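Let's take a walk through a protein together. Have a look at the picture first, and then we'll go from the overall layout to some charged pairs.

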Amino acid sequence: MTTATRKRKPADDSEAVFDQELEDLPQELRWREWMGRIEAVLFASASPVSREDLARVVGQGASVEMLIEDIQTELAGRPYELAQVAGGWMFRTKTQFADAIKAAADLGDPSLAFTEMEMRVLCAIAYHQPIDRAGLKDIFGKDVSRDLLARLRYKDLIASGPRSPRPGAPHTFVTTETFLVTFDLQSLRDLPELTSDTAACSGDTSE
């Protein structure tokens with residue numbers, strides 16, 4: 001299972017008594033409680049939470065989008081924000097604080113650190129997917145090592161795509177939802193236009 005948006009378990013018996021409507025509360029307090037619930041769910045979740053899942057903690061007539069807009073308004077000026085990523089919502093620190101976070105925060109597992117070559121191959125897959133090893137060889141002018149591809153798989157950034165139409169129908173590679181989350185993208189349509197910088201995903205390789 002990826003670290004991106006996951007399908008939550010269906011409601012069980014204990015959730016059947018969960019009061020979504022809050023009809024005993026005045027309208028303003030009801031709205032504040034729904035905002036608090038959405039914030040709590042997002043704060044506790046390690047991966048983006050879909051609109052469908054957020055709707056399970058508010059009333060049937062409540063607009064999840066309007067509740068999120070109100071939360072975003074309240075977060076203005078804070079060092080973190082509510083962002084739409086990989087088809088869901090999650091809290092993210094603002095990029096302007098990245099250096100401060102690196103200087104003092106415990107960032108845990110550094111497994112998502114990349115070598116330059118890993119970034120180039122990941123970039124090539126992102127822009128040319130689905131692509132097989134022969135396609136990557138065409139881009140880089142040499143074989144891309146299986147070990148490097150295995151590391152990207154281990155980080156859950158790439159997965160197997162459809163079979164290539166080339167002879168032998170080799171596997172292709174595609175990016176994953178974890179890729180979208182890692183690079184703060186709502187979808188692949190959010191990839192930046194290819195420029196002299198992003199074109200750096202091709203070219204000379206040392207691995």
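Here is a short tour of the fold and its salt bridges.

Keep in mind that what you see is a predicted model. The protein chain has eight helices and four strands, and if you follow the sequence they come in the order α-α-α-β-β-α-α-α-α-β-β-α. The chain is 207 residues long, and 33% of them count as buried. Its accessible surface comes to about 12,700 Å², with 54% of that belonging to carbon and sulfur atoms. Now for contacts: among those between residues at least 6 apart in sequence, 58% join residues at least 24 apart.

On to the charges. Side chains of opposite charge can pair when their charged atoms come close. This structure holds ten salt bridges. One of them joins Arg32 and Glu74, whose closest N and O atoms are 2.5 Å apart. Arg32 sits in helix H1 and Glu74 in helix H3, so this pair links parts of the chain 42 residues apart. Arg32 is partly exposed at 43% relative accessibility, and Glu74 is partly exposed too, at 39%.

Next, look for Asp132 and Arg166, which form a salt bridge with their closest N and O atoms 2.8 Å apart. Asp132 lies in the loop between helices H5 and H6, and Arg166 in the loop between strands S3 and S4, so the pair ties together parts that are 34 residues apart in sequence.

Conventions:
Residues are numbered from 1 along each chain as its sequence is written. This is a predicted model: local features need pLDDT of at least 70, side-chain atom pairs count only at pLDDT 80 or more; totals for chains, interfaces and linings use all residues. Side-chain values use heavy atoms; hydrogens and water are left out. Helices (H or I, at least four residues) and strands (E, at least two) are DSSP runs, numbered from the N terminus. Buried means under 20% relative accessible area, exposed over 50%, partly exposed in between (1.4 Å probe, protein chains only). Contact means heavy atoms within 4.5 Å. Accessible areas come from the Shrake-Rupley method with a 1.4 Å probe; for residues, only the protein chains shown count as cover. A salt bridge is a side-chain nitrogen of Lys or Arg within 4 Å of a carboxyl oxygen of Asp or Glu.
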